[in-house]
Amino acid sequence: MPLPPPDSSALRKVSDDYGLGLTPADAESFQPFVAALLASWDAVEELYNETAPKAPERDWQHPADADNPYNAWYVTTELTGAPEGPLAGRKIAIKDNITVAGLPMTNGSKTVEGFVPTRDATVVSRVLAAGATIAGKAVCEDLCFSGGSHTSRSGPVRNPWDETRSTGGSSSGNGALVAARVVDLAIGGDQGGSVRIPASFSGIVGHKPTHGLVPYTGAFPIEQTIDHLGPMTRTVADAALLLSVLAGRDGNDPRQPADLTVPDYLAAIAESAEGLRVGVVTEGFGHENSEPGVDAAVRAAVDTLRGAGLSAAEVSIPWHLHGPKIWDVIATEGAAAQMVDTNGYGMNWQGLYDPELIEHYGNQWRAAPHEFSQTVQLVLLTAGYASGLGRNKHYAMARNLAVQLRQAYDDALDRFDVLVLPTLPLTATVIPGPDAPREEVLARGLEMLANTCPTDVTGHPACSVPAGLSDGRPVGMMIVGKHFDDSTVLRVAHAYERAVDGFPAPPGVSVSAGQQA
């Protein structure tokens, strides 16, 4: 739709917003120049519409409660890809921050509700081409800004291990669906731990790839320097298989290196891990909210790796404790600027945009900003205050410090092949009730990030695998590797899985693939 030419009163409002101090006569004088320049906006829209994709007709449904275990599905479908391929016969869930053309998308939020994408995300096109069947869009947290599973527009997602407890977020539906064997595989997103948190809470495998290995094209952004997509599966072999399908350049995501090559991750994990060196990160243990049973389970898992022929020794990385503070600034000011102020996609980069989503979400959140979750409101209040005083200098400082944070891990990885630490300091927490106080809602959404969020800043690959149980609840062990050496991370994870003879299912859940609880 062409932009209506502004009258002088509209220009005076813009002048007031910028503090230009234009008089009515100034605005009247500028009006024809602005109107003439806006003709280019109309021309761009006309050119774009000539080739803009249209949403295909695809069947989907909102599942009835009886067909929606753990409240984990947003919509269900049955989109079958190529008749043959590495994922043929496998059912996959797609996190609802990832576009599937023709299927509604909410990103867990009232502010996105009603949007129907016209394009498949790159990762969606790739799994369909590999033969997978997309079983639906899995619930995610409101704008993906919660490590708990209680903020989604569609209600809390319940953990198959204990339905009073969180699955972890923000890829909350994925965690429940994979753990309960409803689907074989899932694709999640990770900006502060959102693949690995539900993997740890729900007792599955969650791999955050090296930043830029998997194209983010077609997923709702939070902040382009920390946005990741990755596999969530029951086994390490499935994570390696799915990563092999997802990884590689698509030409639409400038975060991907020009010389990126994708190894055969399945072949890599078949190699022996014997003799690999494991650095046990001292600062990953003993946080203020660490549960003793979690730390003990991960140290026992390290002993299992030793028994499998790997060597392990303590390594101190003091900067690991600085990582969450650096992430706080980047994720808060960066998300406010990109995810909210500039409608998800931001500007000034040479990737593929989604103009329809930008317009829909931008209009919708401005019409009802009170619909943001409390975690997003915390982001906006903090970022608005800090950037108003500091003019985003703290974001710039944090991005500069990210180089030193990355170097601290790289220095440790010069001595070790991988680093290990607890994925989270605690096990799954009780889901806050509908009338829970703000203090509880915010704590349950953000209290678990200390070990996961630093590698979103640095971009190192990091995989969470089940490391046993504490008080009957899953514990995750996180394995971190060198940039673009996801193969070694998965190789160590696979060695551990073999050493413990596989990972357990929640009580009462059939171990057969695709079995619904």
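**View 1. Asp162 and Thr164 make a side-chain polar contact.** In this predicted model, the side chains of Asp162 and Thr164 come to 2.8 Å from each other in that contact. Asp162 belongs to strand β5, which covers residues 162-166. How exposed is Asp162? Its relative accessible area is 26%, so Asp162 goes down as partly exposed. Pro506 also belongs in this view: 344 residues separate Asp162 and Pro506 in sequence, yet their C-alpha atoms sit 8.5 Å apart in space.

**View 2. Leu490 is buried in the model.** Look for Leu490 in helix α16, residues 486-499. Its relative accessibility is 0%, and since buried means under 20%, Leu490 counts as buried. Which residues does Leu490 touch, leaving aside those up to four places away in sequence? They are His207, Val236, Ala239, Ala240, Leu243, Tyr265, Ile269 and Cys463. As for His211, it lies 279 residues from Leu490 in sequence and 16 Å from it in space, going C-alpha to C-alpha.

**View 3. Helices α10 and α13 pack with their axes 9 Å apart.** Here α10 spans residues 323-341 and α13 spans residues 393-413, and the angle between them is about 140 degrees. That angle is why α10 is called oblique to α13. The crossing of α10 past α13 is left-handed. On the α10 side, the residues in contact are Gly323, Ile326, Val329, Ile330, Glu333 and Gly334; on the α13 side, they are His394, Tyr395, Ala398, Arg399, Leu401 and Leu405. Sorted by class, this contact of α10 with α13 has 7 nonpolar, 3 polar and 2 charged residues.

Methods:
Residues numbered from 1 in each chain as written. Predicted model: local features only at pLDDT ≥ 70, side-chain atom pairs only at ≥ 80, totals over all residues. Heavy atoms only, no water. Axes fitted to C-alpha atoms, helices over the stretch in contact; angles between N-to-C directions. Helix = DSSP H or I, 4+ residues; strand = E, 2+ residues; numbered from the N terminus. Parallel < 35°, antiparallel > 145°, perpendicular 65-115°, else oblique. Left-handed = near helix turned anticlockwise from the far one by under 90°. Contact = heavy atoms within 4.5 Å. Nonpolar A, V, L, I, M, F, W, Y, C, P; charged D, E, K, R; others polar. Buried < 20%, exposed > 50% of the residue type's maximum accessible area, 1.4 Å probe, protein only. Polar contact = N/O pair within 3.5 Å; in protein donor to acceptor, adjacent residues only side chain to side chain.
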